[in-house]
Amino acid sequence: MNLRMAALMAATALAGFNAGSVAFAQEGEAVSTSTGSYRNDNAILLDTVTVSATRMEESAIKAMASESIVTGETVDLMGASSLVDVLKSVPGVTVETAADTPGAAINMRGLSGYGRVAVNVDGARQNFQASGHSLAGGAVFFEPEFLETATVTRGPVANAYGSGAIGGVVNFQTKKASTFLREGETWAAESFSRYSTNNGWAQGATGAARIGEAFGLLGSVVYRRNFKYENGAGDTVFNSSNEIASGMVKAEVDPGNGHALEIGAITYNSTYRSGDPTSTNYDNDVTDNTISATYKYRPLDSDLFDLRVGGYWTSTQLDQTYLTGTYAGGDRSFEINTYGLDVANTSRYATGSFDHATTVGFDGFFDLVDVSDAAGGSAAFYTPNGQRKVYGAYLQHRLSYREVVEVIGGLRYDSYEMKGGGTKASGDHVSPKITLGFSPFADTFLHGLQLYGTYAEGYRSPAITEALISGTHPGGFPFDFLPNPNLRPETAHNKEIGINFKRNDFFTAGDRLRLKAAYFHNEVDDFIDADTQTAGCTSMIFCYQYQNISNALIEGFELEANYDMGWMFVGLSGQHQRGEDEDTGAFLNTVPADKLVTTVGFRPLDEVNATLGFQVEAVNAQTRSDTPAKGYGLVNLFAAYSPRDDLQLGLNVDNLFDRDYQPYLESDSSPGLAVKFTLRARLGG
């Protein structure tokens with residue numbers, strides 16, 4: 001059966017915009033997020049419960065951290081086909097893309113590349129990068145249709161998730177049978193078909209089954225055929241087409257007595273061409289594989305055990321064939337394998353009026369980089385072969401007093417070892433974290449308001465490429481890359497103050513308001529940045545080398561709010577960021593422009609299962625950069641209608657006014673007007 005036939009036979013349904021369609025009750029309970037309806041009274045993003053920055057389950061609105069949630073239901077409603085679509089409404093986050101690659105790099109609070117933002121898929125770390133002009137600092141390959149929830153934590157406060165994440169952490173959790181199947185179902189199949197007037201088409205199918213009381217299995221496949229798109233000026237963007245085929249299998253075993261096991265495998269394959277008309281062009285084939293396993297133990301008769309043990313392997317390989325230039329017809333390959341382990345346990349107990357939660361954990365990963373260039377080029381110099389071991393342990397204690405005062409304190413120890421190109425480097429560091437929160441307003445007009453302040457440190461070791469890159473830049477503009485094995489690790493010192501506000505019946509009976517806002521001040525010692533220089537150059541006028549900036553500062557303000565009154569909902573997210581070298585006053589070119597995203601939606605009639613609305617994205621000009629960028633504004637429309645629970649029709653209009661724009665940090669103009677039609681259907685029993 002081909003995917004087109006599957007799309008006509010199977011089905012899907014979407015659940016409300018702002019989402020988590022059903023609130024999670026307790027750890028380990030199977031909760032369906034596939035309701036077959038947009039109309040869900042619990043559809044508030046910030047109320048969605050996931051594993052937070054503290055490694056404990058709570059909603060984002062209760063987390064004393066800058067945390068945001070994106071759900072699969074939101075992705076469905078907005079017609080998301082890439083990580084840009086998935087994360088565009090998250091404050092403090094910019095997804096960097098290039099027209100000639102399906103991968104994406106995540107920039108968080110002006111920090112990106114080489115693990116500054118830890119990206120995990122079902123707990124498996126994604127560490128791929130290949131030097132070049134397309135996302136050189138790192139690329140993530142992920143299929144949005146597999147998403148159940150994405151938890152975004154900004155800043156180094158989430159250091160319980162591993163080393164290096166001085167910018168923050170993005171945790172993608174994929175679909176599984178226990179949440180895919182609706183109440184009473186033992187099996188179900190869903191599929192979707194989508195056509196875009198300015199990009200191409202996609203089809204996919206997902207099936208799940210519950211076998212007995214202890215076993216669940218889910219499988220999903222997606223195929224995308226993306227054509228070359230036109231920008232707002234009507235020009236076809238060079239090398240902007242690609243083909244993507246992805247598959248996922250996930251098994252759950254729940255024998256009872258607090259034991260649970262999840263095993264998943266994801267494969268992603270894409271073929272495309274890269275390069276611009278004036279440079280070397282390549283045929284590309286990316287294969288990205290992730291295998292993960294997570295064991296959980298939380299007995300009902302003891303609060304001393306909330307154990308999670310995870311192991312994973314990720315492998316990303318980029319095979320390229322030179323199409324033009326000196327090595328035309330030759331091949332080269334970039335491959336990175338990452339092996340990781342993550343163990344954590346939380347013990348909960350009480351002493352008098354105080355509640356305690358103590359978490360102890362260990363994590364580590366091993367990167368093995370293998371680059372070859374059979375054509376005789378210098379790919380192995382630009383992305384050097386080598387290996388890196390990074391590991392750490394942490395202790396965290398959370399103390400609560402009658403839900404009025406809350407304190408979280410922690411220490412993390414990090415260590416790394418790196419070798420390649422005949423050199424070695426190592427280092428270690430202890431990073432403290434302290435968060436203090438107050439909610440003293442229970443009996444006042446400010447009830448629902450929480451204030452918190454945080455100081456947290458993060459530590460990132462140099463990447464293999466940063467320390468060992470060498471060789472001469474090819475083409476008509478040659479210069480030398482100089483290695484720097486003496487690069488010092490980065491240490492972030494982040495101060496943050498924030499508010500959480502949660503109130504029902506705020507303006508009118510039955511409405512709900514959720515708001516998070518924070519100001520951050522992140523000082524990064526020994527920030528690693530690439531720069532030109534003349535010292536050490538022998539055959540060139542200048543050279544390019546990664547060096548340490550002694551004192552870098554990034555600060556800013558973020559806001560996220562959800563308001564829902566049943567027949568209408570509003571979402572608002574914004575960011576204001578500035579970054580500079582404190583010693584010289586020079587701008588940090590990795591800091592994105594200010595942005596404000598407003599979403600307004602309507603559920604017009606109780607008896608009609610439909611949602612429609614619009615989204616306005618306003619991006620300011622970025623003048624604080626060596627390469628300034630113009631500001632722009634976009635208007636997107638969305639609508640969805642379910643004539644019955646097993647059928648869904650969707651319509652999205654992206655870039656309604658066909659604006660010609662090029663986001664800061666990107667080298668290509670973005671797509672112009674696109675109209676997307678989506679059909680989803682479902683069978684189950």
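Student: At 30% relative accessibility, what does L261 count as?
Tutor: Buried means under 20% relative accessible area, exposed means over 50%, and partly exposed is in between (1.4 Å probe, protein chains only). This is a predicted model, so local features need pLDDT of at least 70, side-chain atom pairs count only at pLDDT 80 or more, and totals for chains, interfaces and linings use all residues. Because its relative accessibility is 30%, L261 counts as partly exposed.

Student: About how much area does the nonpolar surface patch with L261 have?
Tutor: A patch takes residues with over 30% relative accessible area and no salt bridge, and joins nonpolar side chains (Val, Leu, Ile, Met, Phe, Trp, Tyr) within 5 Å. A salt bridge would be a side-chain nitrogen of Lys or Arg within 4 Å of a carboxyl oxygen of Asp or Glu. I211, F215, L217, V249, V253, L261 and I263 make this one, and its area is about 520 Å².

Student: Which strand holds L261?
Tutor: Strands here are DSSP runs (E, at least two residues), numbered from the N terminus. β12 (215-226), β13 (242-256) and β14 (259-274) each supply at least two residues of the patch. L261 is found in β14.

Student: Which residues touch the most other members of the largest nonpolar core?
Tutor: A nonpolar core is a set of buried Ala, Val, Leu, Ile, Met, Phe, Trp, Tyr and Cys residues joined through side-chain atoms within 4.5 Å. The largest one has 34 residues, and the ones touching the most other members are L87 and F172.

Student: Is V169 buried or exposed?
Tutor: V169 sits in strand β9 (residues 168-174). Leaving aside neighbours within four places in sequence, V169 is in contact (heavy atoms within 4.5 Å) with residues including M108, A118 and Y161. Its relative accessibility is 2%, so V169 counts as buried.

Student: How far apart are the C-alpha atoms of V169 and A53?
Tutor: Along the chain, V169 and A53 are 116 residues apart.

Student: Which residue's side chain makes a polar contact with the side chain of T316?
Tutor: T316 lies in strand β16 and is buried because its relative accessible area is 5%. A polar contact is a pair of N or O atoms within 3.5 Å, one able to donate a hydrogen and the other to accept it. At 2.5 Å, the partner of T316 is D288.

Note on methods: Residues are numbered from 1 along each chain as its sequence is written. Side-chain values use heavy atoms; hydrogens and water are left out. Patches are made of residues with over 30% relative accessible area and no salt bridge: like charges are joined within 9 Å, nonpolar side chains (Val, Leu, Ile, Met, Phe, Trp, Tyr) within 5 Å. Accessible areas come from the Shrake-Rupley method with a 1.4 Å probe; for residues, only the protein chains shown count as cover. Helices (H or I, at least four residues) and strands (E, at least two) are DSSP runs, numbered from the N terminus.
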